[in-house]
Each structure stands twice: as C-alpha cells, then as structure tokens.
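Here are my notes on the model you sent over.

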Amino acid sequence: MTRPALAIIGNGMATARLLDELAARGGLTKFAVTVFGEEPHGAYNRILLNRVLTGGAVDEITLKPRAWYAERGVQFVPGVAVTRLSHAAQRLWTSDGREHFFDTAVFATGSTARVPDVEGLRRPDGTMKRGAFAYRTAADVQQMRYHARPGMRAAVVGGGLLGLEAAKGLTDLGLSVTVVHLFDVLMNRQVDALGGQFLRRAIERLGITVRTSVSTKAVLGDKRVEGLSFGGETLPADMVVFSSGIKPRVDLARESDVPCNAGILVDNQLRTQLTRLYAVGECAEHDRTVYGTVQPIYEQCKVLADVLTGADPSAAYRGSKVYTKLKVAGVEVASMGRIDADRTGDESVQVIEEARGVYRKLVVRDNRLVGAVLVGDASAAAGLVQLFDDGSPLPPNRLDVLASGEAIPGGGGSDPEVCNCHHVRTSALVGAIRSGCDTLPKLSDQTRAGTGCGSCRGQLANLILQNAPSTCRKE
Ligand SMILES: Cc1cc2nc3c(=O)[nH]c(=O)nc-3n(C[C@H](O)[C@H](O)[C@H](O)COP(=O)(O)OP(=O)(O)OC[C@H]3O[C@@H](n4cnc5c(N)ncnc54)[C@H](O)[C@@H]3O)c2cc1C
C-alpha cells in the first residue's frame with residue numbers, strides 16, 4: 001500500500017527533532033517522508049556553530065549525518081530549496097526544477113539573521129560588501145573564518161547571545177574585537193541592568209571591547225569593509241559581523257497564501273490555517289509568539305509528531321515558559337521569566353559576589369518565583385527552572401533557593417533537571433550511566449542530554465565520574 005507523502009521543508013534543528021519524535025511513534029514507516037534542505041548538510045546543531053568558526057568541521061556538530069536518513073527510509077534532498085508550493089494541487093517545486101506531490105507538508109524553514117539596512121553595507125546587486133557577514137549558518141561561519149586573520153580588527157553589531165558568541169569566536173582566532181550594542185545592557189532581553197554589568201565585565205576580561213548605547217549608521221569602505229560610522233564617530237574595522245536579531249522565514253508560506261504574521265500562524269496543533277499544512281520551529285507563530293530558542297521548539301515537535309502520527313490526536317501545544325541557560329562566551333548565564341520586579345508587591349532578591357563575578361537575582365510574586373537572572377554561576381538554574389515551571393511556594397529564606405535552587409521540601413530538588421534543553425533529570429542520567437552509558441557520547445546518545453546548548457556537559461561528566469560502575473570504588 002502506498003504510504004501518505006509527508007514533505008518537511010527545511011532541515012534545521014526543528015526538523016532533526018521532529019524526525020526523532022516521528023521515529024519514536026512509528027511515523028517514519030507510516031509516512032513516506034521527504035526532507036528538503038536548502039543547506040548542503042545533514043541537520044546540524046546551530047548552537048555549536050562557534051566550533052566551526054574556530055576551526056572545527058561541520059561534521060563535528062552534525063545531528064543527523066546523511067546516512068541517518070537513508071537508514072530510516074527518509075528521502076533527504078540536500079542543497080535544494082523549495083521555491084513554490086500549491087496547497088490546492090498538493091505539490092511543491094524545488095530549486096533543481098523538480099515537482100513533488102505531498103499529502104501533508106510541514107514548514108520548518110527557521111529564520112535568517114536580521115541585517116539592518118545601513119548605508120554602505122550592500123553592493124549594487126544587493127549582496128553584502130566584502131568583509132561583512134551574517135551569523136546564522138555553517139556557510140556564514142566558514143566564510144568568516146576564511147576572511148579572518150590574527151591581528152585584524154572585527155566589529156560585531158549586536159550584544160545579544162549570538163553577538164557575544166561571535167565575538168568570543170573571533171577573539172579565539174586572534175582578532176581584536178569590539179561589540180557594538182544598541183542598548184545600554186548586553187543581552188538586555190535576558191539580563192537586568194546589574195546583571196548586565198557583571199556580564200560586561202566578564203566579556204571585557206576576555207579582551208573584548210564593549211560599546212553600548214551605540215547605533216550603527218553606516219559601513220565604511222569602498223570595495224570592502226573599513227569600519228563603522230556611528231554618526232560623528234567612527235570605528236575602524238576589517239570585518240563586521242551582524243548578529244542583531246532574527247527574522248522568521250515566511251516568504252514561501254506567504255507566497256503560497258498561508259496566513260502569516262511575523263511567523264506562520266499556527267494553532268495548538270501546529271496547523272496553519274490551510275488544511276494539510278503545518279509549521280514548527282522559528283518560522284511558526286503560536287499565540288502571538290515566535291520562539292527563538294530550541295526548548296519551546298522541541299515541545300512543539302513532540303505535539304506535532306503526536307498529531308501527525310495519531311499517537312495522541314488530542315495533543316495540544318499551549319505555549320512555552322521560556323528559560324535560557326547558556327554559556328555565553330564562556331560565561332554562565334541563566335534567565336527565566338521576568339528580569340525585573342515591575343509590579344507593586346513584587347519582591348526582588350539579589351546576591352552579589354564581586355570577587356567571583358557572580359550575580360544572582362530572583363523575582364518573587366505572591367511567594368512564587370516569576371523570574372530569575374544568574375550571571376557567572378548558573379548552578380542553581382536547574383532547581384529554579386522547576387520552581388518557575390511548577391509555581392511551588394518558595395521557602396521563607398529565599399537565599400537557600402538562590403544558593404542551589406534546591407531548597408524546596410518535596411520539590412524538584414530531590415531529582416533536579418540537568419539538561420534543560422531536553423528535560424533530562426538526574427535520576428534518568430544516573431540510571432543510564434549505571435546501565436553502561438559511561439562516556440559522554442554514549443550518555444548523550446541514550447538520553448539526548450548535552451545535545452542541545454551543551455552547557456550541561458560539565459555536569460554530565462561529573463555524574464559519570466560519580467556513578468559509572470567502572471569508576472566506582474570497589475570495596
Ligand atoms: C550561533 C547561534 C547560537 C545559538 N545558541 C542557542 C542557544 O544557546 N540556545 C538555544 O536554545 N538556541 C540557540 N540558538 C537558536 C537555535 O539555533 C534555533 O532556535 C534553532 O536552530 C531553530 O531551529 P529551526 O529548525 O526552526 O530553524 P533553523 O535551524 O534555522 O533551520 C531551518 C532550515 O530550513 C532551511 N530552509 C529555509 N527555507 C527553506 C526552503 N524554502 N527550502 C528548503 N530549506 C529551507 C534553512 O536553510 C535551515 O537549514 C542559536 C542560534 C545561533 C545561530
């Protein structure tokens with residue numbers, strides 16, 4: 001019997017996860033799945049792009065090598081973009097001139113880097129001047145690496161997570177880097193003003209110059225980048241990297257008459273407003289929100305797989321409580337919910353350790369955690385995330401929670417979540433280690449822990465040391 005054709009447009013982190021979720025529900029045998037990926041690689045972990053910038057191969061961050069698709073009967077079409085889609089004809093067309101039928105299609109087209117329209121950036125044909133780069137794909141970082149030489153001066157426009165990562169990568173390559181940020185606080189969406197000062201000091205300690213409250217007006221240089229102008233003041237630079245936000249890729253959907261706002265509009269089952277068409281990941285807009293980190297996207301993939309395979313036809317995605325735990329340029333940062341006590345009665349609890357460069361803050365409302373910011377030491381994050389998620393009452397001594405995040409009797413503290421990207425708890429990890437996953441790759445393969453942002457890998461290594469039978473002390 002012919003299987004229904006499921007077309008997945010885009011082969012990024014959402015698709016990698018959706019394929020796993022489909023596989024877990026028998027979806028790869030139920031459907032004839034075709035994945036169209038504009039990039040030439042198997043899906044890779046975009047979060048780890050800096051490894052490629054600093055000399056690694058794309059293979060090192062690959063989530064699904066080409067063989068993965070073939071071994072599971074998934075038709076993978078790499079290096080080919082879907083250029084047109086007809087809902088009525090149930091067909092799509094690709095950049096290699098082919099036509100494909102589908103019963104169901106999923107948009108997983110992600111985002112592009114938002115590059116501001118500054119004077120002098122583009123050539124007459126619309127491409128960016130030599131020495132100017134976006135920071136989104138493996139190709140972007142390979143081109144940056146090819147251009148970069150030790151001793152060059154680089155400007156990074158955007159002091160958010162991506163900008164700081166790019167700055168660290170370029171510093172590691174021996175460049176002299178200045179981060180130029182429009183706002184007065186670095187990572188201003190995740191970190192409050194005081195946390196921003198701690199983060200700034202940590203970044204500056206890496207030898208990176210930080211300029212805040214600065215707006216880039218023009219890129220200088222005739223044929224290639226020679227600097228930036230802030231209107232009146234200039235900054236000499238041999239290359240400039242733009243990492244000032246992202247823009248969901250909705251063009252194909254919009255041209256196919258799929259209703260879009262900032263992202264492709266989806267309901268609680270990730271359905272677009274046209275039958276048989278779904279959207280997931282950074283291109284999707286659910287309940288007026290477009291998410292830009294992987295944890296909500298993974299939650300969406302689970303629901304979509306339940307719905308597509310019929311494993312749980314009533315599965316519903318109701319939005320995500322966003323939290324971030326990262327190692328930004330080597331500095332631990334965690335953030336969730338509100339970063340400021342902005343309502344009467346809100347309580348803010350802050351702990352500052354100047355010498356260690358550690359800043360921790362809780363925002364408490366009605367005795368419950370509604371936000372937290374950690375800079376320099378995010379070890380309390382796992383416990384805090386659970387308190388934030390389940391809304392348990394906080395103990396009278398908030399400092400206990402700030403120290404470890406684990407001071408709640410009967411709360412998640414007894415079995416804290418270690419990998420926040422994949423929601424893997426200590427007990428599951430210890431179980432896997434004791435049953436033979438005694439190396440980091442084995443443990444990650446088995447549990448997925450450490451394969452998201454990677455910031456928990458140190459904790460995983462410690463758990464292996466403490467629990468692997470081969471490393472346990474023999475009596
Ligand atoms: C440098 C960097 C660091 C990051 N760090 C973190 C982090 O620490 N933590 C975190 O949670 N998130 C982080 N993110 C964000 C995270 O990578 C994204 O949320 C995630 O990749 C989104 O997945 P996606 O599949 O929706 O989009 P993408 O991963 O962008 O994948 C979309 C894919 O679709 C392809 N495509 C688009 N249109 C078409 C078409 N018409 N035909 C065929 N293919 C098409 C694109 O080429 C792309 O390969 C980071 C991102 C970057 C760039």
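Which helices and strands each supply at least two residues of the shell around the ligand?

1. Keep in mind that this is a predicted model. The elements to look at are helix 1 (13–24), strand 2 (32–37), helix 6 (161–172) and helix 9, each giving the ligand shell at least two residues.

2. There are 32 residues around the ligand, and the ones that come nearest are Glu 38, Glu 39, Arg 46, Arg 136 and Glu 282. By type, the shell splits into 16 nonpolar residues, ten polar and six charged.

3. A backbone N or O atom of Val 294 sits 2.9 Å from a ligand oxygen. For Met 13, a polar backbone atom is 3.2 Å from an oxygen atom of the ligand, and for Gly 292 the distance from a backbone N or O atom to a ligand oxygen is 3.4 Å. As for cover, the ligand taken alone exposes 1000 Å², and the protein buries 95% of that.

4. Now the loop between strand 20 (284–286) and helix 9 (294–309), where you'll find Asp 287. Its phi is near 50 degrees, a positive value in a residue that isn't glycine. Asp 287 counts as exposed because its relative accessibility is 52%, and the cut-off is over 50%.

5. Arg 288 belongs to the loop between strand 20 and helix 9 too. Phi is positive for Arg 288 as well, near 65 degrees, and again this is a residue other than glycine. With 75% relative accessibility, Arg 288 counts as exposed.

Note on methods: Residues are numbered from 1 along each chain as its sequence is written. This is a predicted model: local features need pLDDT of at least 70, side-chain atom pairs count only at pLDDT 80 or more; totals for chains, interfaces and linings use all residues. Side-chain values use heavy atoms; hydrogens and water are left out. Helices (H or I, at least four residues) and strands (E, at least two) are DSSP runs, numbered from the N terminus. Buried means under 20% relative accessible area, exposed over 50%, partly exposed in between (1.4 Å probe, protein chains only). A residue is near a molecule or strand if one of its heavy atoms lies within 4 Å of it. A polar contact is a pair of N or O atoms within 3.5 Å; within protein, one must be able to donate a hydrogen and the other to accept it, and residues adjacent in sequence count only if both atoms are side-chain atoms. Accessible areas come from the Shrake-Rupley method with a 1.4 Å probe; for residues, only the protein chains shown count as cover. Ala, Val, Leu, Ile, Met, Phe, Trp, Tyr, Cys and Pro count as nonpolar, Asp, Glu, Lys and Arg as charged, and the others, Gly among them, as polar.
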